[in-house]
Amino acid sequence: MAFRFRPVEGAFFDLFAQQAQHLTVGAGLLAEMLADGADHEDVARRMRDAEHAADETTHEIVRKVNSTFITPFDREDIYGLASGLDDVMDEMDEVVDMILLYEVKSLPAELGAQVEVLQRCAELTAEAMPRLRTMQDLSEYWIEINRLENAGDKNHRRTLANLFSGNYKALEVLKLKDIVEALERAVDAFETVANTVEQIAVKES
Amino acid sequence: MAFRFRPVEGAFFDLFAQQAQHLTVGAGLLAEMLADGADHEDVARRMRDAEHAADETTHEIVRKVNSTFITPFDREDIYGLASGLDDVMDEMDEVVDMILLYEVKSLPAELGAQVEVLQRCAELTAEAMPRLRTMQDLSEYWIEINRLENAGDKNHRRTLANLFSGNYKALEVLKLKDIVEALERAVDAFETVANTVEQIAVKES
Amino acid sequence: MAFRFRPVEGAFFDLFAQQAQHLTVGAGLLAEMLADGADHEDVARRMRDAEHAADETTHEIVRKVNSTFITPFDREDIYGLASGLDDVMDEMDEVVDMILLYEVKSLPAELGAQVEVLQRCAELTAEAMPRLRTMQDLSEYWIEINRLENAGDKNHRRTLANLFSGNYKALEVLKLKDIVEALERAVDAFETVANTVEQIAVKES
């Protein structure tokens, strides 16, 4: 049998895949925001739209959990996964928002490396979500996300050390530290999603 | 029948109303603290007293939940509402405490607008608590609090942009950012209370 | 009867005592880190080892809870105590890590006083854990931790006021504030552990 789940349950997987798609859009906008000569106002507006679209998908999952008798896995795990994916979007949205608000003109190159980590995490998450249907081949996803989170953490620490090295003025450090910390929370949020998927897979196996 | 609840249950409503009264006192002290020529030591001392009084009311609610057989609504909702109201007080207390501790002499005018939002939230919350008894006319309260939270958020973002505009020295930005963020958490805490009231009203209706 | 618990249950107490021992090692390393002429790289490496050892003990407790039929007290309380002890270690580890990362050369004297509070908390916690076996003489432990947390809080506020007094450059304030706040979270984490012990003792008495 190709599918473990009935059609009504399959809708959940489509919605999780949709949520993850929003994250790849969000990570892409983050990369745009960091590019030289980016129109910050315009990117921030599109980020806001992407964040609202992600919110809408999250609410649809919650409504569906509340109105469906049989769910493909535990209700609390569905909530956990949906809100975990939503948290990633919120953190990425906050980064874009702070760059706009603080009128940061030039961003340290390390931020680009961190955004690449986020883009890779978003792609892997988007590829993994449809595999929830069969619960096959998910371990490579969470192992790779954990590896990326480690790389992101090293990157984060190097960025902080650089920020405090004396090359930046205090006011610039204040702005950039907020942004750098939000980027790290976004990477952590991807790891939380991967941990949730691992727990679900262990339970269901 | 005028009252849905029995006398023993009515005591809970009196205590919630009392908690909200403490919040109007706290918001008033916050406004005093921001006024020109305020005696920071004296206002901070009175804020500490108000915070202790609010704590005492919170503990009384918790004791009453633990010793009462029938409660007017779910025990966890009573805890949630009581601790939500308590959180508002803690955030407002923290703002006053930081102004004293950091020896902030002059505060940007936008902070006054944010404190007005808090005073209005406190009044609305104090007016709404007695209406929990009948569960009537509560929707206008939570709608208005959500509107105020939106206004507060816009205010907050404008204040941050101004803080980082180059008009303030880095050390001053560091102090004011802490204060501004605590003010925003206080507004958010009022919204959390309103959301809790909405959930209770939906359940009981 | 000398012991209230059976051998299998006794293993939990040994593990809690072991966790608390890690905390005394951690607090000692924190004191080393603050000493004049400390080799920051070396101390940070040993702190990382201590933190990993503490993690290992935490995981062993979690595994034991999951595989043991009868536990000495509620499973959720065992989780709560284990994760509370783990949180203390994480905060102390973060302090050491930030001193290394920010390349802080000279630390205000008040930090030493706060680390002494942490060392005293660690000793008291290590002495108290074996007394969980009999649930005797625990009240003096949590009362003293609460007193130390009050002293730590006064210390913390004095340090912050000094940081913002104009004696430090903004960049230095930014670094030190992070460190000072992590130290305070470590003290608070000890208080959370003491509160958990108090709740367990009250339930079991």
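How many residues does the contact take from chain B and from chain A? In this predicted model, 10 residues of chain B and eight residues of chain A take part in the contact. The size of an interface is often given as the accessible area lost when the parts come together. Here, about 880 Å² is buried between chain B and chain A, and carbon and sulfur atoms give 69% of that area.

The arrangement of the two copies was examined next. Two copies of a chain are related by a rotation about an axis and a shift along it. Chain B is superposed on chain A by a rotation of 120° with 0.0 Å of shift along the axis, the RMSD being 0.0 Å. This is the relation of a three-fold axis. Within chain B, the C-alpha nearest the axis belongs to B:A170, which lies 3.4 Å from it. The copies meet through different surfaces, because only 20% of the interface residues of chain B are also interface residues in chain A.

Specific interactions accompany the contact. Two salt bridges are counted between chain B and chain A. One of them joins B:R157 to A:D97, with the closest N and O atoms 2.2 Å apart. Two residue pairs in polar contact are also counted between chain B and chain A.

On the side of chain B that touches chain A, α5 (139-163) and α6 (170-204) of chain B each supply at least two residues. The largest share of this side, five residues, comes from α6(B). By class, the side of chain B that touches chain A comprises seven nonpolar residues and three charged residues, with no polar residues.

How values were computed. Residues are numbered from 1 along each chain as its sequence is written. Chains are lettered from A and ligands numbered from 1 in the order in which they are written. This is a predicted model: local features need pLDDT of at least 70, side-chain atom pairs count only at pLDDT 80 or more; totals for chains, interfaces and linings use all residues. Side-chain values use heavy atoms; hydrogens and water are left out. Copies are superposed by least squares on the C-alpha atoms of residues with pLDDT of at least 70 in both. Contact means heavy atoms within 4.5 Å. Buried area is the accessible area (1.4 Å probe) that two parts lose on being put together, summed over both. A salt bridge is a side-chain nitrogen of Lys or Arg within 4 Å of a carboxyl oxygen of Asp or Glu. A polar contact is a pair of N or O atoms within 3.5 Å; within protein, one must be able to donate a hydrogen and the other to accept it, and residues adjacent in sequence count only if both atoms are side-chain atoms. Helices (H or I, at least four residues) and strands (E, at least two) are DSSP runs, numbered from the N terminus. Ala, Val, Leu, Ile, Met, Phe, Trp, Tyr, Cys and Pro count as nonpolar, Asp, Glu, Lys and Arg as charged, and the others, Gly among them, as polar.
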